[in-house]
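The sequence and the model are shown first, and the description follows.

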Amino acid sequence: MDVIAILLGMTAVVLLVAGPAMIVQGLVGRRSITKELTQQRISFPADDGLPAGLHRYAGTPVHTGTQARAFADLIGVHVTKATGGRTYSEIANEWMAGGRTDERLARLRETAFMGQSLRGALLGAYQAWQITVLVLALGAVFTAMGAAFLALAVRGA
């Protein structure tokens with residue numbers, strides 16, 4: 001058995017261990033995200049309450065990262081409407097500059113903060129979901145490469 005066949009065989013073993021392990025971890029990650037989102041009991045409103053582009057989610061619960069991203073977009077629309085397009089920072093600065101006495105700005109500041117916090121949490125779930133896609137894809141590629149390298153190693157033996 002030559003050195004190249006040995007190296008191919010060792011590389012194949014590493015890839016054939018790493019690939020399936022990555023696939024398992026990707027699936028575990030997805031299951032964890034789905035479980036957490038399901039426990040939050042978030043659901044899209046009826047179709048008449050959704051902006052354009054989100055109608056396909058009408059009345060459905062949020063269980064996936066893609067749905068979490070869509071719901072974050074929905075929150076973003078509502079926060080933008082409520083704040084007139086101003087950010088939390090802009091509203092907070094205005095409230096503080098006014099001596100922190102304007103109750104309307106205080107409530108608007110709270111609305112902006114809560115909306116952006118929820119939006120951020122949902123976008124975090126979406127990003128985690130996207131990482132599971134990457135881990136699953138890499139696991140599949142590693143497994144395929146491992147199988148190919150093993151076939152080459154056996155053939156070269």
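Which backbone nitrogen does the side chain of Q67 reach at 2.6 Å? The side chain of Q67 reaches the backbone nitrogen of H63 at that distance. This is a predicted model, in which local features need pLDDT of at least 70 and side-chain atom pairs count only at pLDDT 80 or more, while totals for chains, interfaces and linings use all residues. Residues are numbered from 1 along each chain as its sequence is written, and side-chain values use heavy atoms, with hydrogens and water left out.

**Polar contacts of side chains**

A polar contact is a pair of N or O atoms within 3.5 Å; within protein, one must be able to donate a hydrogen and the other to accept it, and residues adjacent in sequence count only if both atoms are side-chain atoms. Q67 belongs to helix α2. Helices (H or I, at least four residues) and strands (E, at least two) are DSSP runs, numbered from the N terminus. Besides H63, the side chain of Q67 also reaches the backbone nitrogen of T64, at 3.0 Å. Q67 counts as buried, at 16% relative accessibility; buried means under 20% relative accessible area, exposed over 50%, and partly exposed in between (1.4 Å probe, protein chains only).

T101 is found in the loop between α3 (88-97) and α4. Its side chain reaches the backbone oxygen of G98 at 3.4 Å. T101 is exposed, with a relative accessible area of 59%.

| Side chain | Backbone atom reached | Distance |
|---|---|---|
| Q67 | nitrogen of H63 | 2.6 Å |
| Q67 | nitrogen of T64 | 3.0 Å |
| T101 | oxygen of G98 | 3.4 Å |

**Aromatic rings**

A pair of aromatic rings is described by the distance of the centres and the angle of the planes. Rings of Phe, Tyr and Trp (its six-membered ring) pair if their centres lie within 6.5 Å; planes under 30 degrees apart count as stacked, over 60 as edge-to-face and the rest as tilted. Three aromatic pairs are found in a search of the whole structure. One of them joins F44 and Y57, which are stacked at 5.0 Å centre to centre with 20 degrees between the planes. Both F44 and Y57 lie in the loop between α1 and α2, and the pair links parts of the chain 13 residues apart. F44 is buried, with a relative accessible area of 4%, and Y57 counts as buried at 8% relative accessibility.

F44 also pairs with F71: the ring centres are 5.1 Å apart and the planes stand at 70 degrees, so this pair is edge-to-face. Because F44 lies in the loop between α1 and α2 and F71 in helix α2, the pair ties together parts that are 27 residues apart in sequence. F71 is buried, with a relative accessible area of 14%.

Another ring, that of Y126, has R69 over its face, at 5.2 Å from the ring centre. A charge sits over a ring if NZ of Lys or CZ of Arg is within 6 Å of the ring centre and within 35 degrees of the ring normal.

**The largest pocket**

On a 1 Å grid over the protein atoms alone, a pocket is an open set of points where a 1.4 Å probe fits, with protein on both sides within 12 Å along at least five of seven lines; lining residues have an atom within 4 Å of a point. Grid points are joined across faces, edges and corners, and a volume is the space filled by probe spheres set on the points. The largest pocket holds about 190 Å³ of space. Its lining includes F71, along with I33, E36 and L118 among others. Helices α1 (3-39), α2 (65-83) and α4 (103-156) each supply at least two lining residues, and α4 gives the most, with four. The lining divides into nine nonpolar residues, one polar and one charged.

**Positive phi values**

Most residues other than glycine have a negative phi, and most peptide bonds are trans. R41, in the loop between α1 and α2, has a positive phi near 55 degrees and is exposed, at 74% relative accessible area. R100 has a positive phi near 60 degrees. R100 is placed in the loop between α3 and α4 and counts as exposed, at 52% relative accessibility.

Definitions and conventions: Ala, Val, Leu, Ile, Met, Phe, Trp, Tyr, Cys and Pro count as nonpolar, Asp, Glu, Lys and Arg as charged, and the others, Gly among them, as polar.
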